[in-house]
Amino acid sequence: MKIKQIDSVEMFIVRLPLVSPFETSFSVQTHREALLLKIVSDDVCGWGECVTSPDPYYCYETNATASHIIQDFLIAILTAMNNFTIEEVLQNFEQIRGHHMAKAAVENALLDIMAQKYKIPLFELMGGTPQKIMSGISIGIQESIDDLLESIQKAHDKRYHRIKIKIKKGKDIEILKKVRRAFPSINLMADANSDYTLEDIPILKKFDEFNLMMIEQPLNYDDIYFHALLQKQIQTPICLDESIKNLNDAKTATELGSCKIINIKQGRVGGMTASKKIQAYCMENNIKAWSGGMLETGIGRAFNLHLQTLPGFVLPGDTSETSRYFAEDIVDKPVILQPDGSIEIPKGAGIGVHVLPERIDRLKVFYEKLV
Ligand SMILES: [Mg+2]
């Protein structure tokens with residue numbers, strides 16, 4: 001099926017307070033400022049969420065760069081097209097280098113529209129299998145070890161399938177030791193968000209004794225080669241996050257032996273279609289994949305859930321229940337954990353969640369009608 005034409009495009013930024021501040025090795029977040037796109041085409045309304053932040057600390061894209069690229073380039077390309085497929089849109093987007101999160105947000109909305117036109121859930125359009133999705137929680141750096149242990153206990157009680165703790169240099173070995181002593185058998189992993197260098201190999205080797213599922217992105221955010229050198233020296237599987245921006249990066253990392261696991265964030269790699277290609281490559285090449293989170297609202301969270309119905313997503317991702325981050329979301333229904341810790345895919349055509357206009361109206365800090 002083709003999209004005849006684009007009728008309207010609206011851009012919003014909503015500011016949602018986080019239930020508790022989220023600290024990583026590079027920043028502390030107290031709010032999620034989410035850039036949202038509402039596209040209407042052939043009388044069907046689709047939503048997309050851009051996973052950028054106001055600041056460039058995770059990657060170079062920000063809400064401001066994404067707004068600029070979406071408004072001045074992506075939407076200009078889109079509105080010049082008639083009777084088109086999403087594949088054709090993505091091909092035309094290729095002339096713009098980088099800016100994957102901006103591209104993914106537009107693709108999100110088009111996929112939501114297309115699935116609704118077919119009257120099927122998004123996962124079906126993507127070729128996924130209906131299934132319960134594994135949950136995972138990412139716990140930011142805490143004030144004290146007691147706070148951390150308490151957070152892990154709560155997550156464990158909720159039956160999260162794996163627990164990730166954020167670490168940084170100096171807040172690592174002692175913390176991991178205490179966590180493992182308290183929780184000897186939980187599925188545990190650590191995310192360093194690029195806080196180490198090869199000079200820290202003696203520290204990173206000590207991680208091997210903690211039986212971690214993986215250490216995520218220990219070295220520089222754009223490095224692939226040095227991670228290969230590190231992986232040769234440590235037992236703990238390396239998972240790459242920031243370094244993998246496209247399928248080519250996944251191939252390079254695999255060929256070099258830089259990682260055994262890849263965190264596929266659909267925004268970071270340029271969207272759902274790009275993610276599908278990477279998970280297929282990972283499956284063929286014995287690399288385990290999972291879906292990372294960017295503190296998304298219910299819109300982005302729904303896309304992540306549909307994505308994880310693809311067979312390459314063999315490990316629990318960062319998808320938590322909504323109340324873990326937000327007292328109030330902008331969609332209905334919020335994500336809740338089942339008694340076994342799993343998550344159900346939203347039902348209905350498209351992304352399957354109902355976007356609440358009155359909440360968006362109340363929480364918005366920016367609005368512009370682009371078309
Ligand atoms: Mg990460």
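This is a predicted model: local features need pLDDT of at least 70, side-chain atom pairs count only at pLDDT 80 or more; totals for chains, interfaces and linings use all residues.
**View 1. Division of the protein into two domains.** Domain 1 comprises residues 6–119 together with 355–369, and domain 2 spans residues 126–350. The centres of the two domains, taken over C-alpha atoms, lie 23 Å apart.

**View 2. Contact and buried area between domain 1 and domain 2.** In this interface, 37 residues of domain 1 are in contact with 43 residues of domain 2. Between them the domains bury about 3,300 Å², and 64% of this area is on carbon and sulfur atoms. On the domain 1 side, the most area is lost to domain 2 by F22, S25 and Y58; together these residues account for 20% of what that side buries.

**View 3. Salt bridges and polar contacts between the domains.** Three salt bridges are counted between domain 1 and domain 2. The side chains of R362 and E328 form a salt bridge, with an N to O distance of 3.1 Å.

**View 4. Elements of domain 1 that touch domain 2.** The strands β1 (6–23), β2 (28–41) and β3 (44–50) each supply at least two residues of this side, as do the helices α3 (100–118) and α12 (357–363). The largest share, 10 residues, comes from α3. By class, the side of domain 1 that touches domain 2 has 22 nonpolar, seven polar and eight charged residues.

Conventions
Residues are numbered from 1 along each chain as its sequence is written. Side-chain values use heavy atoms; hydrogens and water are left out. Domain bounds come from an automatic or database domain assignment. Contact means heavy atoms within 4.5 Å. Buried area is the accessible area (1.4 Å probe) that two parts lose on being put together, summed over both. A salt bridge is a side-chain nitrogen of Lys or Arg within 4 Å of a carboxyl oxygen of Asp or Glu. A polar contact is a pair of N or O atoms within 3.5 Å; within protein, one must be able to donate a hydrogen and the other to accept it, and residues adjacent in sequence count only if both atoms are side-chain atoms. Helices (H or I, at least four residues) and strands (E, at least two) are DSSP runs, numbered from the N terminus. Ala, Val, Leu, Ile, Met, Phe, Trp, Tyr, Cys and Pro count as nonpolar, Asp, Glu, Lys and Arg as charged, and the others, Gly among them, as polar.
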